[in-house]
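Let's take a walk through a protein model together.

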Amino acid sequence: MKNRLISAFLLLPLLLHSGTPLYGAEEVYTDSGTTSWMLTSTALVLLMIPGLAMFYGGLVRTKNVIGTMMHSFGAMVIIGVLWPMVGYALSFGPGVLGGFVGWDPQLFMLQGIDDTIMESHIPEYVFAMFQGKFAIITPALIAGAFAERVNFRGYAVFIALWSIIVYSPICHWVWASDGFLFNLGAAGAIDFAGGTVVHISSGVTALVAALYLGSRRGYPRNVMHPNNLVMTLTGAGLLWVGWFGFNAGSAISSDLATARALTVTQLSAAAGAFAWMVIEMVHHGKATSLGVASGILAGLVAITPAAGVVQPVGAFALGALASLVCYGAILLKNRMGYDDSLDAFGVHGVGGIVGALALVFFIRPSWMAEAAELAGGSWSVWQQLGVQATAVGITVFYASVVSLILLVLIEKTIGLRISENDEMSGLDHSMHGEHGYGLINLN
Amino acid sequence: MKLITAIINPDRLDHVREALIQADITRITVSRVTGHGRQEDIDIYRGQKIAPNLIPKIRIDIAVNEEFVEKTIDAIIDSASHDPVAIGDGKIFITPLEDCIRIRTRERGGSAV
C-alpha cells in the first residue's frame, strides 16, 4: 500500500509535465463566430444551476430552503473542481479498459489542451468547459428526489463519486467519438444534448435514492407545501433560458444545426407547458403555476436528446407527449406512495425516456437517408428504436445498479439520511447553521 | 380560560407542534417574530454600544380552558428545550383570558376555545 502511494506521488509530476498538444500536422483555425456562440452557451448552461437551485428551493418547506439550494450550489463547487481534474479525461479521453471509460494522462488538469483547436474550430478549452456544465447539473438534478432529508457531507461525497463512476462512463459511451453507444447501429444512438447522459441517468438514480433512503418524516400524511412558488417560477424561467445553451450549444457549431436545435427547444418547452396546463384545466378546473413550470421542464427534457434530428412537428408532439406521460407518472407516484420529493424521476427520468424513445418517429427524412446510406442500403425507424432502447436500457441498468451500491456504501460509512431531530429542525439549521429568509424578520 | 403565549426557537417549531398535537391541543396560532432577551448581551463595538441583534423567533398563541393549562405548558417545555439546555430556548407567558367568541357560530366562553 505504502509503495503504491509513493509511486503515485512519483507519477504526479510526470502527469503534470506531459503537456504536449494533441493536434497533428494540419493547422486548424479558430472560427470566431462558433467560438463566441459556444462561450455564450457555456455561460447559459451554468445559469441553469442557480435556476435549478431556485426551482427546487422554492418547492421545499421554509426550513429547508438553504439546504436545498446548497445541493445545486454544492454540485457547482464540487464538480467544478473534479471535472477539470479528472472528469474531462474520464469522459472524453481515448477509451481505456475496453472502452468502459476514457483516460488520457495529458487531459489530467486539462494540461494537454492549452494550444488545442478542435475540428469544430473552437478551442478545446471551450468544449471542456461547456461539457463541464453538463457534468455539474446532472448530479444536482438527483437532489430533488431526496430533498429535505440528507446529510450535506454524505451528499457531497455521493455526487463526487457518482460523477466519476456513473456520469463519466455513460458520457464516454454516448458522446466520445470512440464510445460504443456513439457508434451503435447505423449512425449511433441519438442523444443530442443529454437525454440518456443527463436526464435518464440522474432520473433513474433519483428513483433508486428515493426508494433506498425512504420518505420524509410525515410523508404522505402531512401536507408539505412549497415555501415560495415565486422563486420556483423564476427558476423555471432561468432553466428555459439556459436550455438554449444546453441544446443549441450541443451542436458545437453556429449554423443551421444550431438554429434547428434552438427552434425545436423553444417549441417543445411551450408545447409541454401548454399540454400540462390543459391537462390540469380538465382534471382540476384550474391551471396551476407549478403545473406550467413542470410542463416547461417536461417539454425541455424530452426535446434534449432529439433536438438535432426532429422537425417542429416532432417538437410539438414530443413536448405534449412528455407532459402527458410525466403527469401520469406523478399521479402514479402519489398512488404508490414513494417519496420522490420534487419529482426528479417523474420529470427527468420519465421525460428523458419518452424523448429518447419517441424521437425515432419524428426524425427528419434526410437523417434517415444518411443512416440508410451508412448502413449500406436501408435503415428503418424500428431499427433506430432498437438502438435507442438499447442506449436507454444500458443507462437505466448501469445508473441504477452502481448508484445503489454507492448509496449503500455512503449510508453505512458517512451517513446520508439525517437524524429525525435534524430533519424536524430543518436542513438550514442542522446542516448549515443558517436560515433562508432572515430579512423578513427585520434582522 | 387562559391565553398561553410561547416564544420559542424556530428550529423547535415542528417538535412543539407535534408535542401539542400528541397532548390533544390542536388549535394554535403561529407567527414569525423577532426580538432579544438578556440585556447583558449589549456589545461594545469600536467604542460604541450596540444593542443585541434581533433574533428570529416563533410565537405560538394558544387559548385554553383551565384544565388544559398545565398539560399545554408541560408539552411546550418538554419539546422546546434543546438538549443540552441552551440560552434562547424561549419563554412562556400566561395571561387570563376574558372571553372567546367563535365567529361562525357566535358561541362564547369555554366552549368556543
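We'll start with chain B and then stop at a helix pair in chain A.

A quick word on the ground rules: this is a predicted model, where local features need pLDDT of at least 70, side-chain atom pairs count only at pLDDT 80 or more, and totals for chains, interfaces and linings use all residues. Residues are numbered from 1 along each chain as its sequence is written, while chains are lettered from A and ligands numbered from 1 in the order in which they are written.

Chain B holds two helices and six strands; helices (H or I, at least four residues) and strands (E, at least two) are DSSP runs, numbered from the N terminus. The C-alpha trace of chain B spans about 60 × 30 × 20 Å along its principal axes.

Now look for the sheet. Four strands of chain B make an open sheet with the order 2-5-1-6, and the pairing is antiparallel. Strand 2 (29–35) and strand 6 (90–96) of chain B sit at the edges with a single partner strand each, so one side of each has no neighbour in the sheet. From one strand to the next, the twist averages 25°. What holds such strands together? Strands of a sheet pair through backbone hydrogen bonds, either parallel or antiparallel. Here, two strands count as paired if DSSP finds at least two bridges between them. Strand 1 (residues 2–8) and strand 5 (residues 55–64) of chain B share seven bridges in the antiparallel sense, and B:Ala6 has B:Ile60 in strand 5 as its bridge partner.

Next, the helices of chain B. Helix 2 (residues 69–80) lies across strand 1, strand 5 and strand 6, running at about 5° to strand 1. Angles like this run from 0 to 180 degrees between N-to-C directions, using axes that are lines fitted to C-alpha atoms, for helices over the stretch in contact. Two residues are in contact if their C-beta atoms, placed from the backbone, lie within 7 Å.

In helix 1 (residues 13–22) of chain B, the buried residues include B:Leu13, B:Val16 and B:Leu20; buried means that 20 or more other C-beta atoms, placed from the backbone, lie within 10 Å of the residue's own. The buried residues of helix 1 pack against helix 14 (420–425) of chain A, together with strand 1, strand 5 and helix 2 of chain B.

Finally, hop over to chain A. Helix 9 (residues 289–303) and helix 11 (residues 344–358) of chain A pack at an angle of about 45°, with axes 7 Å apart. Among the residues that meet there are A:Ser294 and A:Leu297 from helix 9, and A:Gly351 and A:Gly352 from helix 11.

Note on methods
Buried ≥ 20, exposed ≤ 12 C-beta atoms within 10 Å, placed from the backbone.
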